[in-house]
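Hello,

Here is the structure I promised to pass on to you. Have a look at it first, and my notes follow below.

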Amino acid sequence: MDTLSYALLIFLIFMVVRAVFANRTPIPETSVKVHKITNPAELDALLSSTKHVVVDFYADWCPPCRVIAPVFSELADEHARDKYLAFAKVNVDHVSDVAGRYRVSAMPTFLAFTDGVLKGVEVEGLKGRGSVVVSADGLVERVRGADKVALVAVVKALAGESSGKE
């Protein structure tokens with residue numbers, strides 16, 4: 001075997017070992033203000049009872065999900081407001097039908113709902129970021145990956161709406 005073949009073999013072995021020994025313990029939730037969704041009905045109830053909902057689609061085996069989890073919890077502690085702005089987490093491995101419903105294919109993915117519907121959020125300065133999916137009308141539709149700047153901006157935009165509409 002030549003050097004390239006050995007390098008590929010070592011890389012494949014590394015990836016298999018990494019997958020086998022990946023940390024799969026549940027990601028601890030540090031905020032009581034984050035709703036842990038365990039079935040579609042729970043999410044539907046939250047969406048119907050709250051003006052804005054930010055949902056974190058994650059997996060326990062996902063390292064970026066572990067990195068951004070404390071940020072999401074801090075945002076919930078700071079910005080959650082009863083019946084106006086709620087935060088929820090959906091484990092894509094346990095509630096895969098909800099992840100499928102919203103076409104979540106990367107973890108973490110953050111979606112913002114308004115009046116129970118997945119809607120874009122008007123946020124300045126996020127266009128052109130690889131992690132941000134922007135609609136044709138310039139609204140942020142989803143944030144893919146552990147992009148703290150984008151997540152904070154979306155939450156602050158939703159929280160800013162709440163202070164102006166009461």
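Let me start with a pair of side chains: Arg-101 and Asp-44 meet in a salt bridge, with N and O 2.7 Å apart. Salt bridge here means a side-chain nitrogen of Lys or Arg within 4 Å of a carboxyl oxygen of Asp or Glu. Because Arg-101 sits in helix 4 (residues 96–101) and Asp-44 in helix 2 (residues 40–49), the pair ties together parts that are 57 residues apart in sequence. Helices (H or I, at least four residues) and strands (E, at least two) are DSSP runs, numbered from the N terminus.

A word on the source: this is a predicted model, in which local features need pLDDT of at least 70 and side-chain atom pairs count only at pLDDT 80 or more, while totals for chains, interfaces and linings use all residues. Residues are numbered from 1 along each chain as its sequence is written, and side-chain values use heavy atoms, leaving out hydrogens and water.

The count of salt bridges comes to four. Another one joins Asp-56 to Lys-89, with the closest N and O atoms 2.9 Å apart. Asp-56 belongs to strand 2 (residues 52–58) and Lys-89 to strand 3 (residues 85–91), 33 residues apart. Both Asp-56 and Lys-89 are buried (under 20% relative accessible area, with exposed over 50% and partly exposed in between; 1.4 Å probe, protein chains only). By contrast, Arg-101 is partly exposed at 38%, and Asp-44 is partly exposed at 35%.

As for the whole protein, there are five helices and seven strands, and 42% of the 166 residues count as buried.

Enjoy exploring!
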